2 protein chains.
Amino acid sequence: MEEREYTPKQEQLARFAKAMGHPARVAILDFLIRQNSCFFGDIHEVLPISKATVSQHLKELKDAGLIQGEIEAPKVKYCINRANWEVASLLFKEFWGQEAPREKKDCCE
Amino acid sequence: MEEREYTPKQEQLARFAKAMGHPARVAILDFLIRQNSCFFGDIHEVLPISKATVSQHLKELKDAGLIQGEIEAPKVKYCINRANWEVASLLFKEFWGQEAPREKKDCCE
DNA sequence: TTTGTTGTTCGCAAAACTACGAATAAATAA
DNA sequence: TTATTTATTCGTAGTTTTGCGAACAACAAA
């Protein structure tokens, strides 16, 4: 039987990448990286989508571990999950730091 | 009317991230980064999915611009699209190079 | 208690994704 | 010409994603 499974690293990287796979979620992360005041309303205000949809995207980012939320009644405050952010950062840096293979005359030339 | 659109950078980053959003596609990229001989069959051989599905994932990576294919009858050779790889690399490095905001006592503590 | 503010959840619909086997296409080898 | 090899495309099925309005829940303010 061959080696035909995905590695945990590949799975994890794919999970983070998937979370970044929508412009609204990239925009949310961009926003949270720069802001300290990060209430739901502030986030919703800068996005071209409804409350319900924003809430869903936030849930996905939370499920992926990239952000966390906390109630501060009657508002909800979101922010980057630093520990996981670091994990993701390292994975992406490692992946994109790799050199694409040198061109050889027999490789797609 | 407020500023409520996604930036081209956010859209592009999301597009690349989405392409990386499945472990099979991460595995394919991992493979292509290391190999020069990169025929369809070689790729299929290391993945736990059918030919048809591999072909679909390759198409998505091609559509995202991260790889390219070329016929070398009766085989097909795939490899990294260097120009776009560089674009993606810069985008991801810029994104993940950002410092998450310093903790303050009023931000999710 | 009643009212208002803030977000989440529900219910729904359309579209996209993932996966496979079978059929097909394209070129070589016999 | 007739296989054979190699990979894509087709057809199908089930799942997930994206999006919204409406209903709901939780708490603060009046």
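Predicted model: local features only at pLDDT ≥ 70, side-chain atom pairs only at ≥ 80, totals over all residues.
Residues are numbered from 1 along each chain as its sequence is written, and chains are lettered from A in the order in which they are written. Local features need pLDDT of at least 70, side-chain atom pairs count only at pLDDT 80 or more, and totals for chains, interfaces and linings use all residues.

**View 1. The largest pocket has a volume of about 340 Å³.** A pocket is an open set of points on a 1 Å grid over the protein atoms alone, where a 1.4 Å probe fits, with protein on both sides within 12 Å along at least five of seven lines. Its volume is the space filled by probe spheres set on the points. Lining residues have an atom within 4 Å of a point. There are 19 of them, and the closest to the centre are T7(A), Q10(A), A27(B), D30(B) and R34(B). The lining divides into nine nonpolar, three polar and seven charged residues. Helix α2(B) gives the largest share, five residues.

**View 2. β1(B) and β2(B) form a hairpin.** Two residues lie between the strands. Strands are DSSP runs (E, at least two residues), and a pair needs at least two bridges. Here β1 (residues 67-72) and β2 (residues 75-80) of chain B pair in the antiparallel sense over six bridges. G69(B) stands opposite Y78(B).

Definitions and conventions: Heavy atoms only, no water. Helix = DSSP H or I, 4+ residues; strand = E, 2+ residues; numbered from the N terminus. Nonpolar A, V, L, I, M, F, W, Y, C, P; charged D, E, K, R; others polar.
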